[in-house]
Amino acid sequence: MPPLLDVQNLTVEFPSVAGKSLAGKSVTRAPSPANADVTRNISSSASSRKNVPSDPGSEKNVSPALTLAAVRNLSFSIHPGEVLGLVGESGSGKSVTSLAIMGLLPPNAKLTGNITFQDHESANGPAHLTNLTTLPPAELRHLRGSRIAMIFQEPMTALNPVMRVGDQIAEAVLAHNAVPPEIRERIRNDIGNERRELWKEWHRPAPLWFRIFGIPFVHLYSGVLNRGSGIMIRSRIRPEKAYELAIQAMRDVAIPEPDRRARSYPHQLSGGMRQRIMIAMAIVNRPQLLIADEPSTALDVTIQQQILDLLNDLRQKFQLSMLFISHDLAVVSHVADRVAVMYAGSLVELAPKSAIFASPAHPYTQGLLQAIPTLSTDRAHPLATIEGTVPSIAALPPGCPFEPRCPHRIVNCAADLPPLVEVAPGHFARCPVINQTSLVQ
Ligand SMILES: Nc1ncnc2c1ncn2[C@@H]1O[C@H](COP(=O)(O)OP(=O)(O)OP(=O)(O)O)[C@@H](O)[C@H]1O
Ligand code: SF4
Ligand SMILES: [Mg+2]
């Protein structure tokens with residue numbers, strides 16, 4: 001079965017202005033693999049310098065360039081019903097990746113690569129592949145919020161503070177004219193009275209001018225298609241029906257007394273409740289893919305667990321596929337089937353969850369796992385840490401981005417970005433040094 005979402009060689013670059021990145025970091029070197037000329041210059045200068053000293057935090061081995069790559073040559077896929085966990089430290093490019101999928105990157109960002117989405121009109125309808133990077137803005141807007149939805153990290157900033165939460169969820173329905181798929185199917189397929197009744201129940205009548213001038217043509221059009229659905233193009237879902245769906249979505253995310261809570265403003269709700277509202281808003285249109293960007297990070301541990309349990313329940317109930325983003329491997333382990341680990345804009349490891357935890361094949365993943373306390377952790381000794389910090393995208397080392405911090409580094413590691421190696425079926429790691437097997441990229 002083809003993947004629901006297929007990201008291939010995604011690179012996202014931001015311009016640097018007069019030696020400064022727009023993120024405010026000073027620029028000493030900006031690698032940009034998607035930019036052939038720059039890449040060639042960097043790799044030729046890097047490979048001509050053997051024995052590059054590995055000095056953590058040093059920026060003297062880098063040269064200036066015009067763009068800063070926040071995400072570099074990233075490839076992964078998500079299959080229908082699958083949850084992929086995307087893990088990485090702050091600044092590793094997780095949010096930029098999710099914004100690229102949603103088509104919400106700032107206008108100055110330069111995106112290369114392909115993002116293909118397998119779009120289903122309805123549960124049983126035919127699928128067609130859509131390249132999200134080339135989709136016209138209006139069509140992308142239509143997909144966003146209906147087939148692909150996103151939960152943002154901080155609900156207080158994502159919700160409108162002066163609008164009741166029920167109205168905000170209903171607005172998401174109205175914006176996409178989202179009659180539930182099963183009702184839409186029945187309106188399309190049934191003939192006669194039932195269709196008429198369902199139609200009256202769910203749809204606001206088309207404007208008068210359209211009923212006079214437009215409807216005869218729509219009927220003609222519908223007759224040709226033999227589907228009877230042309231009229232939907234011009235009609236809107238009834239607001240009271242949208243509100244009903246909003247209340248139902250609040251029930252789906254286990255908000256007690258949804259009718260009463262729907263009349264609350266965001267500041268009247270707790271953090272956990274606000275996050276549930278965000279989730280209700282994301283699932284109300286029954287998306288195929290849900291992108292959850294650190295959905296539980298701002299919450300305390302108990303509420304965090306409740307939100308993770310809720311996401312797991314919703315996944316089962318609605319056969320949701322999910323891109324679950326977190327900086328915490330332990331959190332990701334609660335929901336993900338496979339895990340992708342990012343470091344400084346690059347994918348460094350991708351594997352089924354069990355393989356990541358049982359046999360991590362990249363020194364960075366190994367370091368992350370050693371830093372997670374478990375019941376068997378020896379409390380007499382300090383918890384393991386990874387020395388140093390993630391390099392800024394304005395000062396990436398020329399070779400393996402983890403090289404300055406890596407306990408296994410060898411001289412060659414500082415020369416070129418290492419390839420992704422398949423260390424076991426479906427298990428990839430960007431470290432040929434500790435994985436002497438076949439190369440895949
Ligand atoms: N609009 C922008 N202009 C310039 N640089 C940007 C922009 N947005 C993000 N970046 C840079 O891209 C890099 C990746 O940022 P991103 O927000 O994806 O990190 P993240 O992995 O989501 O981190 P966090 O865990 O802190 O949310 C960072 O270095 C950031 O400064
Ligand atoms: S390629 Fe080298 S520096 Fe990078 S993770 Fe592997 S051993 Fe470490
Ligand atoms: Mg982020």
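How do the residues of the shell around ligand 2 divide into nonpolar, polar and charged? In this predicted model, the shell holds nine nonpolar residues, one polar residue and two charged residues.

**Ligand 2**
- The residues surrounding ligand 2 include four cysteines, Cys400, Cys406, Cys413 and Cys431.
- Glu403, His408 and Arg409 also belong to the surroundings of ligand 2.
- Pro363, Phe402, Pro418, Val433 and Ile434 complete the list of residues around the ligand.

**Largest nonpolar core**
- The largest nonpolar core is made up of 104 residues.
- Ile169, Ala246, Ala280, Val284 and Phe324 have the most contacts inside this core.
- The core lies between domain 1 (5-82 + 105-143 + 337-429) and domain 2 (178-234), because both domains give residues to it.
- Leaving aside residues up to four places away in sequence, Phe324 touches Val83, Gly85, Leu86, Ala292, Val332, Val335 and Ala336.

**Strand 12 and its partners**
- Strand 12 spans residues 338-343, and six of its six residues are buried.
- Arg338, Ala340 and Met342 lie on one side of strand 12, with Val339, Val341 and Tyr343 on the other, and both faces are covered.
- Strand 4 (residues 83-87) pairs with strand 12 in the parallel sense over four bridges; Val87 stands opposite Val341 of strand 12.
- Strand 13 (residues 346-352) pairs with strand 12 in the antiparallel sense over six bridges, and Ala351 in strand 13 is the bridge partner of Val339.
- Two residues separate strand 12 from strand 13 in a hairpin, where Ala344 in the turn has a positive phi of about 50°.

Note on methods. Residues numbered from 1 in each chain as written. Chains lettered and ligands numbered in written order. Predicted model: local features only at pLDDT ≥ 70, side-chain atom pairs only at ≥ 80, totals over all residues. Near = placed C-beta within 6 Å. Nonpolar A, V, L, I, M, F, W, Y, C, P; charged D, E, K, R; others polar. Core = buried A, V, L, I, M, F, W, Y, C linked by C-beta atoms within 7 Å. Buried ≥ 20, exposed ≤ 12 C-beta atoms within 10 Å, placed from the backbone. Domains from an automatic or database assignment. Contact = placed C-beta atoms within 7 Å. Pairing = 2+ DSSP bridges.
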